[in-house]
Structure formats: structure tokens, C-alpha cells
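I opened the model today and worked through it one spot at a time. My notes follow in the order I took them.

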Amino acid sequence: MVDMDAVEAFRQRALNPEHPVMRGSHENGDIFFQHREAANKYYEQIPGIVEEYMGKINDKLGTDYQLFNYYGAPADARVIVALGSICAVAEEVIDYLNAAGEKVGLVKVRLYRPFCAEKLAAAIPATVKKIAVLDRTKEPGSLGEPLYMDVVTALATVGRQAVITGGRYGLGSKDTPPASVFAVYEELKKDAPKAQFTIGIVDDVTGLSLPEKSREETPNTAAEGTIECKFWGIGGDGTVGANKNSTKIIGDHTDKYIQSYFQYDSKKTGGVTISHLRFGDKPIKSPYYINKADFVACHNPSYVTKGFKMVQDVKPGGVFMINCTWDLDELSHHLDADAKRYIVRNNIQLYTINAIDIAQKVGMGKRTNTILQSAFFTLAGVLPQEDALKYMKDAAEHSYLKKGRDVVEANWNAIDAGATAFVKIDVPADWANAVDEAKADTLEGPAKTVKMVKSILDPVDRMDGDSLPVSAFVDYADGTFQQGASAYEKRGVATLMPVWEPSTCAQCNQCAYVCPHATIRPYALTEAELAAAPANTKSAPHKLSKGKYTYALALSPMDCMGCGVCITVCPTKSLTVTTQESQLAEQPVFDYMVKNVTVKDDVAGTDNVVKSQYLKPYLEFSGSCAGCAETSYARLVTQLYGDHMIVSNATGCSSIWGGPAATSPYCVDENGKGPAWANSLFEDNAEHGFGIYLGQKKLRDDLAAKTRELIAIEYCDKAIVEAANEWLDTYEDGDKNGAAADKFAKALEEGIVEGCKCPACTLAREILAKRDYLNKKSVWIFGGDGWAYDIGFGGLDHVLASGEDVNVFVFNTEVYSNTGGQASKASNIGQVAQFAAAGKEIKSKSLAEIAMSYGYVYVAQVAMGSNMAQTLRAIKEAEAYKGPSLIIGYAPCEMHSIKGGMMNCQTEMKKAVECGYWNLFRFNPAADKPFTLDSKEPKEGYQDFLKNEARYARLITEFPDRANVLFARNEENAKERYQHLLKLKALYE
């Protein structure tokens with residue numbers, strides 16, 4: 001089918017010194033226009049060429065691809081023009097409506113541009129008078145979206161008369177179900193349909209949205225006999241992987257058609273996942289989410305207690321299965337009244353299964369996916385049970401063998417257990433009349449935040465954000481949201497969490513230091529604070545203050561992710577694992593501590609690890625993966641500088657856990673101060689942060705100039721002069737300048753004479769007008785290794801070379817964690833990742849040494865789990881250094897697949913440093929001895945460290961000989977690197 005002569009001609013035009021040409025020249029205004037127009041004929045020929053090749057494909061495959069394909073009634077139809085997946089939805093609706101006697105149709109755009117007006121006109125029946133064009137985009141300020149504008153122009157060009165309306169749909173991957181398409185055809189029935197409209201949303205501000213029928217009122221347009229199943233899981237529990245296996249098993253071992261869609265929220269591992277599976281004996285179109293299911297499974301019981309509308313998606317007579325440890329009374333307590341009524345009135349078959357305990361027994365830990373998959377196959381009856389179990393075991397072996405035979409066998413045991421572990425619930429008849437409980441409005445906090453939580457966060461948290469109208473976002477039209485909303489989520493997704501034993505606790509605060517989500521916090525209580533605390537508060541005499549205070553360790557069961565990192569690092573084993581439900585009474589204790597216990601200046605501070613954890617964390621309850629190291633680093637930075645901190649964040653993991661709309665985990669203190677956060681793209685985040693720094697620097701420098709001018713006036717108030725000098729003296733000291741700025745502002749306010757327009761009062765007013773910029777800001781640029789080592793490196797290098805006082809923190813996971821696990825320049829030799837399936841050939845980039853080569857950049861490599869004090873010291877030194885600073889933090893990740901899971905995140909850091917895989921050092925140009933090597937001579941066990949992570953170990957399974965070679969090179973490179981660091985140490989001594 002390919003014209004190889006044309007291919008050869010194309011190749012002959014390649015750049016070659018044997019017949020050289022210049023390509024990519026610059027042109028001035030005298031010739032550019034003409035030269036550009038000279039290419040017109042080539043664009044004009046494209047539709048004909050595309051049509052020719054479509055014809056060849058049609059001849060071979062029996063398809064009917066045209067530039068524009070028409071589907072529907074041949075005459076007098078109301079027509080939609082669209083492209084992409086919505087066409088399949090429209091076809092389902094067309095089949096339904098035309099079978100009912102209506103006349104509707106669809107023009108599917110196969111070639112968008114060059115847009116061929118004649119072919120479009122030919123595809124639309126001559127009798128069509130009303131057309132709706134659907135665009136999946138929004139161009140603010142335009143009279144219409146791109147496809148709409150082209151259709152209007154095309155039909156005008158050929159002289160076709162019709163009423164043409166334009167609609168928007170599906171922005172941000174918004175689901176577009178049949179109800180939306182029904183609404184479009186209904187609108188086209190009107191004599192004067194809306195010229196512009198939206199579907200799939202409720203626009204109660206500009207009134208553009210079309211009314212749509214409810215789920216119950218909308219007909220089911222899926223192919224007859226299609227079985228639809230929906231699974232509510234939690235990111236990282238294996239639900240999605242199990243359902244991919246289920247789909248493949250059904251497709252491979254039956255004659256049924258299959259389809260699967262996977263829906264995620266914006267959180268990392270630990271967020272909501274919804275799997276949509278369809279299978280049937282007829283071809284399946286239906287490119288939309290399931291809302292009328294034969295089978296729905298809830299894999300996490302917290303979704304029931306949160307009131308997610310899950311059972312409402314089950315068809316009458318269908319099956320609803322809940323994974324929980326509840327008996328009937330407990331189930332009745334947790335199910336809301338609406339769910340109970342729906343179950344009874346629609347004869348829903350209700351089952352429970354305790355996959356949580358089964359997983360523990362068979363060695364699956366927290367992963368319940370295989371157990372629940374086995375139960376699904378038994379209940380759904382798609383395959384004979386014996387066959388289903390066999391196919392599942394084969395699939396499990398294929399999926400998990402790279403993680404070890406023990407993992408495979410644990411999955412086999414889970415499959416056997418899950419096949420019969422479910423329990424049929426005899427639904428009480430009185431559920432039919434269940435009464436909704438009135439919920440008390442007890443939200444406290446800043447008024448704007450509370451309003452945002454009620455209007456946006458709460459429905460989004462219940463996975464009901466699709467129902468929010470446009471009016472809910474009017475206050476946030478500029479794209480800004482209030483900080484600190486994550487504290488209101490209380491997701492309660494952990495099944496297991498720590499319990500504290502005060503009598504053996506060393507009060508080292510290491511548990512809080514490593515906690516990724518700030519859900520475990522130490523407090524020093526006065527007698528009055530302890531007396532007012534909940535009765536079940538655990539405590540012990542405070543060691544650091546020698547009994548002046550009482551020590552308490554507060555844990556939040558509703559915010560804890562159950563990662564177990566705190567349990568792993570506890571040196572006295574005073575934290576042990578227990579069920580989340582058994583600790584729910586601890587939530588009021590945690591809430592009391594956060595709200596009422598003050599920070600004690602005599603025990604809190606930045607001196608050491610212990611003191612640092614009495615400081616308020618300004619990053620809490622984020623959407624990061626359970627056990628994430630990135631948030632542990634970021635939270636620590638906020639504890640030190642959060643009340644005067646600005647963050648410019650690179651798109652990636654840190655933007656997902658750090659910047660979810662209306663759910664910010666960065667929070668404020670009682671004075672309303674906290675980190676100001678903005679996201680920027682991979683390619684320009686360093687420049688973005690640099691611009692923020694320069695902007696506030698210019699404002700402060702102007703204020704300093706005005707201040708010097710003010711205090712030079714001989715009659716300036718002495719109190720103002722004294723406060724101004726103190727502010728100027730601490731101008732570059734972030735720790736002291738805040739208090740000095742407050743003192744200066746107060747003196748200015750008290751010294752201004754009302755109505756006076758003298759130079760002194762005028763200057764004072766001008767300074768006070770910008771008082772928010774008086775105190776020194778701590779500017780931080782956050783991002784991952786994909787940004788810093790790869791895509792954003794050029795900008796980062798530019799900013800570091802500037803010599804300006806910005807701080808950069810790189811969360812180094814050695815892989816593109818947020819986009820599927822691609823190799824980055826931080827990936828190491830032998831590491832398996834996307835684009836390095838057989839192990840990466842070359843060593844990781846030494847970003848630290850590149851930055852050190854300037855000689856005036858502060859540089860540190862840290863690993864919190866290896867040396868907590870060194871990490872703290874590096875952050876403090878970076879902030880104190882009057883110039884650019886770069887800290888690279890080693891951050892084990894879910895993508896590494898560490899044996900034992902992410903509860904071993906911090907211990908894995910320690911192992912990495914001990915064996916020499918990662919080195920700790922600090923380069924401080926301001927110090928007498930600039931270079932400090934903080935890690936010791938590597939111990940044995942380098943290869944054991946590599947084999948402890950599946951990102952390396954899988955290479956042994958798939959390419960054992962290559963693994964031996966690459967691992968040896970990796971280790972040798974590590975040895976050479978350490979010797980090089982020793983030379984640097986000697987050089988700077």
C-alpha cells in the first residue's frame with residue numbers, strides 16, 4: 001500500500017553533504033509571505049491523498065472510511081457533526097432514537113484539516129436543516145470552537161443553508177454519556193435551538209448548558225445482552241491490575257466482546273480508582289462510564305462510611321459486594337439511608353467479603369485485589385468456577401513472577417480463599433423506610449476555606465464532583481483556591497495503622513520526622529492543656545523539658561494512610577500495628593492537640609530532629625502515595641520556613657500531591673500565614689521560581705530604599721528609626737526578619753500623624769501599603785528528577801548560575817514516577833524502567849557535581865532515613881546561604897517495588913547509603929571547609945541492595961546474564977564515585 005518510490009524520494013531530500021542544502025533559514029518580511037503561500041498546493045492535495053489511501057484500506061479490510069462518514073436516518077434528520085470517541089456514543093443514541101421512529105444522524109469527521117468543504121456537504125443529506133457541531137475544547141473569547149467555525153465556513157462556502165449550533169463537551173476528560181447526546185437531539189427539535197451550548201454540566205451562571213435526563217430516565221443504549229460491572233478500589237490495592245487480568249481472561253477464554261475503562265482521581269496511590277468492565281455477545285461501543293451495572297464491588301469500606309453513591313449504579317436485581325469486616329448490625333450502621341432504600345426497592349443482591357483479614361492470613365498484606373477478583377468470577381458466573389480459578393492463577397503467575405515465586409504463591413492462595421469467602425446478606429425489610437440522619441454542621445476554620453470545603457471539596461470527596469454546577473466555581477474563576485482544605489477530607493482509607501505505647505517511648509520524634517502525611521505528631525502539654533484534653537489521651541512525662549511539660553504523641557486514624565513507616569523507624573518499638581477501626585477514638589485526641597496545644601519555644605526549634613517536630617507542619621494529609629519520601633522532605637521544609645515560604649513547583653508527583661484543586665495540603669497557621677504555592681511546567685519551573693524571587697526582591701529593595709530615605713529625615717520618630725534599623729540589620733535573615741518587620745510596621749502605624757502629608761508620613765504610608773513584602777521570604781523551587789535532571793535542566797542550570805538567593809529541592813526517585821515510570825537521567829545502571837526494559841546502560845547524571853562546578857552554589861545530597869540530622873542541617877544551611885542552593889533528596893518510590901513495601905522506605909534509604917549506592921555530602925561555599933562528606937566508607941551488600949528492589953531484581957529474572965554485567969558495572973561505578981568524593985574532600989581541606 002505504501003508508495004516506496006515516494007518514500008525513496010523523501011529520503012533523498014534528507015540532509016547530506018554529498019548533495020548539501022540549507023534548511024531552516026531565516027527570512028525577512030520582504031519574502032516570507034510569498035514563500036509561505038507557495039506551499040498552498042501541497043495542502044490542497046492532502047484530502048485527495050488521504051481519501052485514496054482510505055480507499056485502499058477499505059478494499060483490504062472491508063471498512064468504509066471516508067473523509068466524512070454519515071451514520072443515521074437518510075433524510076430530514078437532525079444531525080450532529082463531531083470527531084473522536086463521542087461518535088460511538090452518538091451512534092448508540094441514533095440506533096435507539098431511529099428505532100423509535102425519530103430521524104437523527106451523525107457526521108463523523110475523519111480528516112479534520114485540511115478541511116474539505118465539498119466532502120462535508122456531500123456527507124450531509126440534502127434535507128438536513130439543523131446541525132449541532134460538538135467540540136471537545138474551549139477557546140475563550142472566540143465566537144465558536146474550531147470544528148464549529150470550520151463547519152459554518154465550509155457550508156457557507158458551498159452555499160448550503162442550515163441552522164448550525166455549536167456545543168462544548170468533555171473538557172478535562174469529563175465523561176459524556178448517552179444522556180448528553182439525547183439532550184443535543186432534543187435541543188435540535190426546537191424552532192430556535194441555542195446558538196452555543198454545553199453538555200455534561202450544569203451551567204447556572206451563563207445558562208449555556210442543555211437540560212439532561214437523570215440516570216433513571218435515560219434509556220440504556222448499550223448493545224443488548226451487555227454485562228456491565230463496576231469496581232471501586234483504592235490506588236495501590238491492585239484492583240485495577242486485577243480487573244485488567246479479568247478482562248483479558250474473559251477475552252482470551254470466551255467468545256465474548258470485552259471492554260474496560262479505568263477512572264482515577266487526582267491523588268497518587270491511595271486515591272479512588274473505579275474500574276468499568278463490559279462484556280457481551282455483541283460488539284461493544286459505549287465509550288463512557290458505567291452507571292447502570294449488573295455487578296458493583298466496593299473494595300474499601302471507607303467508601304461506604306463516606307457515603308459514596310455506589311449501590312445506586314446497580315441495576316434492579318443486580319449484585320453489590322462490599323469488602324469489609326462488618327457483621328449485619330455494623331453494616332446497617334455504616335450504610336446510609338439512601339443506599340438502604342435503594343437496595344430494598346430495587347431487589348439488590350447484597351454480599352460482604354472480609355478480604356482484609358484473608359489477605360493477612362495468606363501473606364498478601366494489604367493487597368486484597370486477587371481475593372476480590374476471585375469472588376467476582378464466582379458471583380458473576382461468566383466462566384465455570386474451576387476454569388476461572390485456573391486462568392486467574394495463570395494470570396497471577398505471569399503478572400507477579402518478576403516479584404518472586406513467594407508472591408505468586410501468595411496470590412494463588414488468595415484466589416482459592418476468595419472463591420467462596422463471600423457472605424450473602426439477608427436484607428432487612430425495614431431498610432425500605434430508612435430515614436436520613438441529620439448531619440450537624442460542625443466545620444470550623446477560616447470562613448473562605450469552610451465555604452470552599454462545603455461547596456466543592458465535600459462533593460468531590462464523595463466522587464460526586466460531576467454534579468457541581470458552574471456557580472460553585474465563581475469565587476475561584478481566577479484559578480486560586482484556599483490553603484489547608486485537606487484537613488477536612490478525613491478519608492479514612494487505611495485499614496491498618498500504628499498504636500502508641502507511652503511507657504517505652506524514647507520521645508525521639510523520629511516517627512513524626514518521617515511521616516509522609518503529618519498524621520503522627522508530638523506535643524508538649526502544660527498542666528492546663530493536659531487537663532482539658534480528652535479522657536483517653538495517652539501521655540508520659542516530658543523528657544526534654546525534664547518534666548516541665550507532659551509528652552503526648554497524637555495519631556489521626558482518619559488521615560493516616562497506613563504506610564507503617566513510623567513503625568519501621570521507631571527505635572524502641574513503641575509503635576505497633578493495629579486496625580484503623582480500633583483507633584477511631586484517637587481522632588478527637590488528635591483534633592484537640594492540633595487545635596489547642598501551643599508550640600513551646602523552649603522545646604521546639606530547628607536545633608535538632610527532636611525539636612523540629614514540635615514545630616507546626618505546613619504540609620499535611622496530602623494525596624501522595626502511602627510511604628512517600630517526597631512529602632516527608634517537603635513537610636520538613638515547611639516546618640522550618642512555612643510561615644514565610646513561597647513554593648514554585650514543577651509539574652509531576654509534587655504537583656499531584658501538592659496542588660489538588662480545592663484540597664490543598666499546604667496549610668496556614670492561626671495568623672493566616674503559610675506557604676504560597678504555584679505550579680509551573682516541567683520546562684520552565686526553575687525560571688518561574690526565579691521570577692517569583694526577583695519580583696519580591698525588587699519590592700523589598702524598594703522598601704529598603706524608602707526606609708533609608710525615611711530614617712534620614714531628621715524629625716523622623718525615634719521609635720520608627722530604631723525599628724527600621726533593626727529591620728534593615730536583619731534584612732537577609734529569614735529567622736529574625738519576620739519579627740523585626742512586624743515591629744517596624746507597628747512603629748510606622750503608631751508614628752503616622754493622621755492627615756499629615758509631610759515627607760515622613762508620606763513615606764511611612766507608602767511602606768505600609770506594601771507591608772506584606774517587608775519580611776524576607778524563603779523561596780523554594782520543588783520538583784522531581786524528571787524535571788531537574790532532564791526536561792527542566794537548562795532552566796535550572798540558568799537559575800543556579802544566576803547567583804541569586806533561591807533554594808531548589810529535588811525529590812530524586814530516579815524515574816519519572818508520575819507518568820508511568822520512564823527512565824530519566826537520574827536512573828542508574830541496570831535499572832529497569834520504561835525505555836530501559838532491559839536495564840539502563842549508562843550511569844546516572846551527577847547533577848550535584850554540575851552545580852558544584854560553579855563554586856558559588858550550595859549543594860547537598862541527603863537521605864532522610866540514613867541521617868536525619870544531616871538532612872535537617874542541609875536544609876538550614878541552604879536557606880542561610882546567601883546565594884543559590886540545591887538539595888537533592890533520595891526518595892524511594894512505589895516504582896522501586898521495595899521488598900516489604902513502602903513501609904521500608906526510610907530503611908531503604910539507610911541501606912542505600914550504607915552500601916554506597918547513594919552518598920551524603922554538603923558543599924557550602926561560605927564555610928571554611930566547603931566540602932563535607934557525611935557518609936561513611938561503603939559496607940558490603942551492594943548487590944543485595946539492588947536485588948531488594950524489583951526495578952533491579954526483575955532484570956535477573958528476564959535477562960540474568962545481562963543483570964550480572966550491569967549490576968557489576970553499577971557497583972564499580974559506585975566505588976569510583978565514593979573515591980572521587982574522597983578526593984573532593986581532600987581538595988577542600
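I looked up Ser 173 to begin with. Ser 173 is exposed, at a relative accessible area of 56%. My cut-offs: buried is under 20% relative accessible area, exposed is over 50%, and partly exposed lies in between, with a 1.4 Å probe and protein chains only. Ser 173 sits in the loop between β5 (163–168) and α7 (178–187). Its phi is positive, about 65°, although Ser 173 is not a glycine. Element names follow DSSP runs, numbered from the N terminus: helices are H or I with at least four residues, strands are E with at least two.

Ground rules, noted once. This is a predicted model, where local features need pLDDT of at least 70, side-chain atom pairs count only at pLDDT 80 or more, and totals for chains, interfaces and linings use all residues. Residues are numbered from 1 along each chain as its sequence is written, and side-chain values use heavy atoms, with hydrogens and water left out.

I turned to Ala 662. Ala 662 also has a positive phi, about 60°, and is not a glycine. I found Ala 662 in the loop between α23 and β20. Is Ala 662 buried or exposed? Ala 662 is buried, at a relative accessible area of 2%.

I then checked a peptide bond. The one from Arg 113 to Pro 114 is cis, with omega near 0°. Pro 114 lies in the loop between β3 (104–109) and α5 (117–123).

**The eight-stranded sheet**

I traced the strand order. Eight strands form an open sheet, β20-β19-β21-β22-β24-β23-β25-β26, with mixed pairing. I count two strands as paired if DSSP finds at least two bridges between them. The edge strands are β20 and β26 (931–933), each pairing on one side only. Neighbouring strands of this sheet are turned by 15° against each other on average, direction ignored. For that angle, axes are lines fitted to C-alpha atoms, for helices over the stretch in contact, and angles run from 0 to 180 degrees between N-to-C directions.

I zoomed in on β19 (residues 645–650). Six of its six residues are buried. Met 645, Val 647 and Asn 649 point one way, while Ile 646, Ser 648 and Ala 650 point the other.

Which strands does β19 pair with? Five bridges join β19 to β21 (residues 778–784), running parallel. Another five join β19 to β20 (residues 676–680), also parallel. Met 645 has Ser 778 as its bridge partner in β21. Val 647 has Trp 677 in β20.

I also checked the crossover. β19, helix α23 (residues 653–658) and β20 make a right-handed β-α-β unit. Right-handed here means that, with the strands pointing away from the viewer, the path from the first strand over the helix to the second runs clockwise.

Three bridges join β25 to β26, and the two run antiparallel. Phe 923 stands opposite Phe 931 in β26.

**Salt bridges**

How many salt bridges does the structure hold? It holds 51. The criterion is a side-chain nitrogen of Lys or Arg within 4 Å of a carboxyl oxygen of Asp or Glu.

Arg 922 lies in strand β25 and Glu 877 in helix α31 (residues 868–880), so the pair ties together parts 45 residues apart in sequence. Both residues are buried.

Next came Glu 444 with Lys 595, where the closest N and O atoms are 2.7 Å apart. Glu 444 is in the loop between β13 (423–424) and α16 (447–461), and Lys 595 is in helix α20 (residues 586–596), 151 residues apart. Lys 595 counts as exposed, at 57% relative accessibility.

I then took Lys 103 with Asp 76, whose closest N and O atoms are 3.9 Å apart. Lys 103 lies in the loop between α4 (86–99) and β3, and Asp 76 in the loop between β1 and β2 (78–82), so the pair ties together parts 27 residues apart in sequence. Lys 103 is partly exposed, at 42%. Asp 76 is partly exposed too, at 47%.

Last entry: Arg 78, Glu 102, Glu 186 and Lys 189 are linked in a network of salt bridges.
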